[in-house]
Amino acid sequence: MNEVSLEELVRRAHESNDYDGLISMVPYAQLIGIQCLRLGDDMVFRLPQSEDNIGNPVLPALHGGVIAGFMEHAALLHLLMFMGSPHLPKIIDFSIDYLRAGHYRDTFAACQVWRQGRRVANVAITAWQTTQAEPIATARCHFKVDEP
């Protein structure tokens with residue numbers, strides 16, 4: 001079987017603006033339904049509303065673990081799409097601040113790489129639902145980006 005390199009998959013995804021092939025490389029991202037949309041040089045990640053992601057059916061509200069997983073995987077995918085690495089980044093640590101309830105609706109996230117060195121990358125993530133000016137959570141994540 002002719003395997004395609006990770007760099008080639010990223011190049012093709014950018015050319016076609018279709019990132020499903022990259023998302024399928026990360027099983028949890030695929031499980032919760034992460035989607036992404038490139039807007040110029042920016043990437044916005046979307047977690048579509050799904051009953052499977054509800055943690056509190058009374059409100060209903062998203063499960064905090066799903067929000068954290070969405071944000072962590074958005075950061076991983078962001079690095080994968082923009083860092084030019086031949087392998088998937090590995091998580092070192094993740095810290096989240098929950099600011100508002102994540103209601104049962106689409107959730108969005110944007111990432112900013114604060115620092116990318118040879119070994120470690122530091123990414124900030126913001127998640128929101130109605131407007132980016134009112135985030136439901138913010139997070140910081142460190143990844144190991146050198147060879148496994």
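Analyst: Before we look around, one working idea: two residues are in contact when they have heavy atoms within 4.5 Å of each other. What you see is a predicted model, in which local features need pLDDT of at least 70 and side-chain atom pairs count only at pLDDT 80 or more, while totals for chains, interfaces and linings use all residues. Residues are numbered from 1 along each chain as its sequence is written, and side-chain values use heavy atoms, with hydrogens and water left out.

User: How do I read a sheet, and what is the order of the six strands here?

Analyst: Strands of a sheet pair through backbone hydrogen bonds, either parallel or antiparallel. Here, two strands pair if DSSP finds at least two bridges between them. Helices (H or I, at least four residues) and strands (E, at least two) are DSSP runs, numbered from the N terminus. In this model the order is β1-β2-β6-β7-β8-β5, an open sheet with antiparallel pairing. At the edges stand β1 (35–39) and β5 (90–98); each has a single partner strand, so one side of each has no neighbour in the sheet. From one strand to the next, the twist averages 25°. That angle is taken between N-to-C directions of lines fitted to C-alpha atoms, on a scale from 0 to 180 degrees.

User: Can we zoom in on one pair? How many bridges join β2 to β6?

Analyst: Four bridges do, between β2 (residues 42–47) and β6 (residues 107–116), and the two strands run antiparallel.

User: What about the inside? Which residues touch the most other members of the largest nonpolar core?

Analyst: In soluble globular proteins, nonpolar side chains tend to be buried together. A nonpolar core is a set of buried Ala, Val, Leu, Ile, Met, Phe, Trp, Tyr and Cys residues joined through side-chain atoms within 4.5 Å. Buried means under 20% relative accessible area, exposed means over 50%, and partly exposed is in between (1.4 Å probe, protein chains only). The largest core has 39 residues, and Phe45, Leu77 and Ile125 touch the most other members. At least two residues each come from α1 (6–16), α2 (20–23), α3 (27–32), β2, α4 (64–82), β6, β7 (120–128) and β8 (135–144). The top giver is α4, with 11 residues.

User: Then is α4 enclosed or open, and why?

Analyst: Of its 19 residues, 15 are buried, so α4 is largely enclosed by the rest of the structure. You can check its length too: the expected span of a helix is 1.5 Å times one less than its number of residues. For α4 that gives 27 Å, and its end C-alpha atoms are 27 Å apart, which agrees. Just after α4, Gly84 takes a positive phi of about 75°.

User: Now charges. How many salt bridges does the structure hold?

Analyst: Six. To spot a salt bridge, look for a side-chain nitrogen of Lys or Arg within 4 Å of a carboxyl oxygen of Asp or Glu. Arg12 is partly exposed at 42% relative accessibility, and Glu8 is partly exposed at 22%. Glu15 pairs with Arg11, with closest N and O atoms 2.4 Å apart. Here Glu15 is exposed at 59%, whereas Arg11 is partly exposed at 38%. Glu8, Arg11, Arg12 and Glu15 are linked in a salt-bridge network. Elsewhere, Asp146 forms a salt bridge with Lys144, at 3.8 Å between the closest N and O atoms.

User: Last one, a loop. Is Asn53 buried or exposed?

Analyst: Buried, with a relative accessible area of 5%. Asn53 lies in the loop between β2 and β3. Beyond its neighbours within four places in sequence, Asn53 is in contact with Ile32, Leu47, Pro48, Ala61, Leu62, His63 and Val66. Ser50 lies in the loop between β2 and β3 (54–56) as well, but Ser50 is partly exposed at 23%.
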